[in-house]
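Subject: Structure for you to look at

Hello,

Here is the structure I promised to pass on. Please open it alongside this note; my findings follow below.

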Amino acid sequence: MTDPIADYLTRVRNAIKAKHRIVEIPASNLKKEITKVLHDKGYIQNYKFDDSSVQGTIKIALKYNPQDKQSAIVKLERISKPGLRKYVNAEELPRVLNGLGIAILSTSKGVITDKEARQYNVGGEVLCYVY
């Protein structure tokens, strides 16, 4: 697999389209950090790291609106790809939907959102947009 982050986002996207409650994804440290950010910002309901096997898995409970059964995640978009990495400095941090969505960045302070990166005044690699 050449792009495990794109695989992670695609599995979540497919689970949302199929209206699944839980999606299971092979684990890595970066995927765990992205999952924590999604949970902290309210895009997923819950998560669990299962380290029983060698690689381990991440079980993500997806969040849906109880009235109309719409997912909390409307779109997941991969930005920095293995063939073309996208780096930004602190002055060029992206704003997703004028601040309604989040951009997840990999920085020297860890995996954080664009708003946190503005507070810390750091730049980094733009992993994905979520809204």
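**What I found**

I104 sits in strand 6. Helices (H or I, at least four residues) and strands (E, at least two) are DSSP runs, numbered from the N terminus. The model is predicted, so local features need pLDDT of at least 70 and side-chain atom pairs count only at pLDDT 80 or more, while totals for chains, interfaces and linings use all residues. Residues are numbered from 1 along each chain as its sequence is written, and side-chain values use heavy atoms, with hydrogens and water left out.

**Around I104**

I104 is buried, because its relative accessible area is 0%; buried means under 20%, exposed over 50%, partly exposed in between (1.4 Å probe, protein chains only). Not counting residues up to four places away in sequence, I104 touches I34, V37, L38, V111, I112, E125, V126, L127, C128 and V130. Contact means heavy atoms within 4.5 Å. I79 lies 25 residues from I104 in sequence and 9.6 Å away in space, C-alpha to C-alpha.

Strand 6 and strand 7 (residues 110–113) run antiparallel, joined by 4 bridges. Two strands pair if DSSP finds at least two bridges between them. A hairpin of 2 residues links strand 6 to strand 7. Opposite S106 is V111 in strand 7.

**The cores**

The largest nonpolar core has 26 residues, and V12, I60, L62, I104 and V130 touch the most other members. Helix 1 (4–17), strand 1 (22–26), helix 2 (29–40), strand 3 (57–62), strand 6 (102–107) and strand 8 (124–130) each give at least two residues to this core. Helix 1 supplies the largest share, 6 residues. A separate second core holds 10 residues, including I79, A103, I112 and V126. By nonpolar core I mean a set of buried Ala, Val, Leu, Ile, Met, Phe, Trp, Tyr and Cys residues joined through side-chain atoms within 4.5 Å.

L62 is in contact with V12, A15, I16, H20, R21, V23, I44 and Q45, leaving aside its neighbours within four places in sequence.

**The sheet and its helices**

An open sheet of 3 strands has the order 1-3-2, with antiparallel pairing. Strand 1 and strand 2 (44–50) are the edges, each pairing on one side only. Twist averages 20° from one strand to the next. Strand 2 pairs with strand 3 over 6 bridges. D50 has T57 in strand 3 as its bridge partner.

Helix 1 lies across strand 1 and strand 3, at about 165° to strand 1. Helix 2 packs on the sheet, touching strand 1, strand 2 and strand 3, and makes about 155° with strand 2. Axes are lines fitted to C-alpha atoms, for helices over the stretch in contact; angles run from 0 to 180 degrees between N-to-C directions.

Best wishes
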